[in-house]
Amino acid sequence: MEKVNIRELLGPTILTRLPEQAEPSHIDTETLEGKYVGLLFSRAFVPTCFRFAPKLKDVYDKQRESGTSFEVVLIPLDSSQESCDEQYSTMPWSCLPWGSPEIQSLKKQFAVTTPPVLVMISPDGHILSRDARLGVKDTPKDFPWKSVEAAVSSSYSFPPLRCKQTVL
């Protein structure tokens, strides 16, 4: 399993909503260390993102209520600050500031082409899943969905490839 440093991955600060403040505040990324972290790559006004966020919120709330140290960080793929702000206003978790250089780096590192994508990172920094959406949708009880990709890929079986050797 690949291991990452959350501060190097996300930069020094993220935005979060503190209960006593109406506007998001910058907090140190180190507050995520030692917790399960979900990196949610999402874009406002994309129907699949719009439908996925409430499902993730339900799982997020249940995990936190049960005492699990679980945080989600929105990685906004929006084309404007306004659409990013609109999307983030509906979410209870943290967010990378729109336009952060880390967004493009993360998008490339995790090969994100079509949102939503949920990358799960363990408390010790290991990448558990590069896309845990199916876990949230189909098996929310199996948090943190570290075997989602293995289960998905093993559910498809392909016949062995048979090649004829051609003599020239």
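Rings of Phe, Tyr and Trp (its six-membered ring) count as a pair if their centres lie within 6.5 Å. The model shown in these views is predicted.

View 1. Six aromatic pairs turn up in a search of the whole structure. The centres of the Tyr36 and Phe143 rings are 5.2 Å apart and the planes meet at 70°, so this pair is edge-to-face. Tyr36 belongs to strand S3, while Phe143 lies in the loop between helix H5 (133–138) and helix H6 (148–154), so the contact ties together parts 107 residues apart in sequence. Tyr36 is partly exposed, at 23% relative accessible area. Phe143 is buried, at 14%. One aromatic cluster is formed by Tyr36, Tyr60, Phe70, Trp93, Phe143 and Trp145.

**View 2. Strand S6, residues 117–121.** Five of the five residues of S6 are buried, so the strand is largely enclosed by the rest of the structure. In a regular strand, side chains alternate between the two faces of the sheet. Both faces of S6 are covered. Val117, Val119 and Ile121 are buried on one side, Leu118 and Met120 on the other.

**View 3. Partners of S6.** Strand S3 (residues 36–42) pairs antiparallel with S6 over five bridges. Val37 stands opposite Ile121 of S6. Strand S7 (residues 127–129) also runs antiparallel to S6, joined by two bridges. Ser129 in S7 is the bridge partner of Met120. Five residues separate S6 and S7 in their hairpin. In the turn, Gly125 has a positive phi of about 90°.

**View 4. A charge over a ring.** The charged end of Arg17 sits over the Tyr88 ring, 4.0 Å from the ring centre.

Definitions and conventions. Residues are numbered from 1 along each chain as its sequence is written. This is a predicted model: local features need pLDDT of at least 70, side-chain atom pairs count only at pLDDT 80 or more; totals for chains, interfaces and linings use all residues. Side-chain values use heavy atoms; hydrogens and water are left out. Buried means under 20% relative accessible area, exposed over 50%, partly exposed in between (1.4 Å probe, protein chains only). Helices (H or I, at least four residues) and strands (E, at least two) are DSSP runs, numbered from the N terminus. Two strands pair if DSSP finds at least two bridges between them. Rings of Phe, Tyr and Trp (its six-membered ring) pair if their centres lie within 6.5 Å; planes under 30 degrees apart count as stacked, over 60 as edge-to-face and the rest as tilted. A charge sits over a ring if NZ of Lys or CZ of Arg is within 6 Å of the ring centre and within 35 degrees of the ring normal.
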